[in-house]
Amino acid sequence: MRWYAQIAFGVVSSKLCHRPARGHTDGTAAKELPMPPITDHPLRYALTGELHARPFPNVKAPQVVAFLAIKQAGDAAARDRDRGADMAHLVALLRHYGAPLPDADATHYYGAMGRFHLKWEQHTEFVTYTAFGEDLSKRPFDPAEFDVFPAGWLEDAPGQRLTSSLLRLMPMPDKTDEIIEQLREWFVPESLAAARVLEGAAVVASDFRIDPAGHSRFAVFVPEDTGMRRIGRIIQRLLEIETYKTMSMLGFALTREIGQQVGEMDRQISALMAKMSAQESKPEATLDALLDVSVELENMVAQTSFRFAGTAAYKAIVDERIAALREERFQGRQAFGEFMTRRYEPAMRTVISMERRLERMSARALRASDLLRTRVDVERSAQNQAILESMDKRADLQLRLQRTVEGLSVVAISYYAVSLAAYVLYPLTEVTGLSKGYLTAMVTVPVVLLVWAAVRRLRAHIE
């Protein structure tokens, strides 16, 4: 296996992507060209280099590949990468073998590690370790082949094992019957998937089961004329199918976990809508209960949206990797794509169905809330109208009472005014010969008119 050549190629490619070219494409010397009078985006070379940062490994048969994917529990996408737990774990493995260490901010690594070669990649939610070794055990899928990862190092992993695999790469036998016999011995027949890939470049097989040692198994048979880079692409795609299949199945596990709770919320929404139709309870109470269910439902949508979106993305990758293999049927066996259609696709459809169900329930609860709010607003408007009519009646009564009081006030004030006027005019009785009663009668009508006019003027001024 030409790993050193590949590593050198990767380093050179990275350097070329991070600086402008200096020379002709035909290899002849040339003067250094002046930079164009324009400022490059600070991420231009970094983003271009990312496209070439993870080349396929160059692999030749025979070969054993030990693969491990580690994912932190919970929301692994939000893990604090700055603390470098993943990088520290990689460094610990490399120091165990006395291998060169990567840069502190690296997200991928290729290098020799003792008698193995290691490929390490850091992804959004997980990290992967792929160890290549040429010492193929006589015992197929020997658990000892996974000892490239020390037991103590595995115990200190910053997360949990997402998946692990042993891949056995072998030269193509002269007789097809030998392959069939080996596949029958190594895999569970009812789950076995096998196919010719890339126009006969290899025969790949797996049953996607976990063996007693805790690993999934892959077998790859390659003819002598298959190039090392093509073998590397096949191996990487098989391991990616296993990894992203497992990641997408996390969405299916979440669907099972929340299924009962979602069903209960669906029943609650249906019951509340039935009460709305029958008008069995007050709209305010029904609205409060519906809002509680809606809050719980929105919280669930927020908690599951990332996993469901990740499941869709991982499923798309699985489909793309299988399509890239360009499978052909091998000895009547089901191919990887057919296996996924029968076993994997139903699980993914269940996830999609649950996601859509949550969306429909959320929309239904929102529409029901809007209807209840409308009903509550209408009832409150009717109540406000009744209150206004009552206030109008009270205002009319108050006006009548006020007028009555004004009349009584005119009488009372007039009485006292007439008495005062009479006291003032009593001395005239001796001069005029008129009696006190006559004088009082004479001043009563003018005084009453004056008091009435004064009260009217005062009320008009206040209004």
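Tutor: Gln268 is found in helix H6. Helices here (H or I) are DSSP runs of at least four residues, strands (E) are runs of at least two, and both are numbered from the N terminus. This is a predicted model, in which local features need pLDDT of at least 70 and side-chain atom pairs count only at pLDDT 80 or more, while totals for chains, interfaces and linings use all residues. Residues are numbered from 1 along each chain as its sequence is written, and side-chain values use heavy atoms, with hydrogens and water left out.

Back to our residue: Gln268 is partly exposed, at 30% relative accessibility. With a 1.4 Å probe and protein chains only, buried means under 20% relative accessible area, exposed means over 50%, and partly exposed is in between. Along the sequence, Gln268 and Leu290 are 22 residues apart, yet their C-alpha atoms are 8.3 Å apart in space.

Now for the rings. The structure holds 13 aromatic pairs. Rings of Phe, Tyr and Trp (its six-membered ring) pair if their centres lie within 6.5 Å; planes under 30 degrees apart are stacked, over 60 edge-to-face, and the rest tilted. Phe208 and Phe339 are stacked because their ring centres are 4.8 Å apart and their planes meet at 20°. Phe208 sits in the loop between strand E7 (202-206) and strand E8 (216-222), and Phe339 in helix H8 (residues 336-425), so this pair ties together parts 131 residues apart in sequence. Phe208 is buried at 13% relative accessible area, and Phe339 is buried at 7%.

Tyr244 belongs to helix H6 (residues 228-278) and Tyr314 to helix H7 (residues 283-325), so the pair ties together parts 70 residues apart in sequence. Tyr244 counts as buried at 10% relative accessibility, and Tyr314 does too at 9%.

Let's follow H7 itself. The expected span of a helix is 1.5 Å times one less than its number of residues. After H7 comes Arg326, whose phi is positive, near 50°.

H8 can be checked in a similar way: its 90 residues should span 134 Å, and its end C-alpha atoms are 127 Å apart, which agrees. A kink of about 45° lies at Tyr344 in H8, shortly before the proline Pro346.

An open sheet of 9 strands has the order E2-E3-E4-E1-E5-E8-E7-E6-E9, with mixed pairing. Two strands pair if DSSP finds at least two bridges between them. Strand E2 (108-113) and strand E9 (328-329) stand at the edges with a single partner strand each, so one side of each has no neighbour in the sheet. E9 runs antiparallel to strand E6 (residues 193-197), joined by 2 bridges. Arg329 in E9 is the bridge partner of Ala195.

Conventions: Bend = angle between axes of the 7 residues up to and from the residue.
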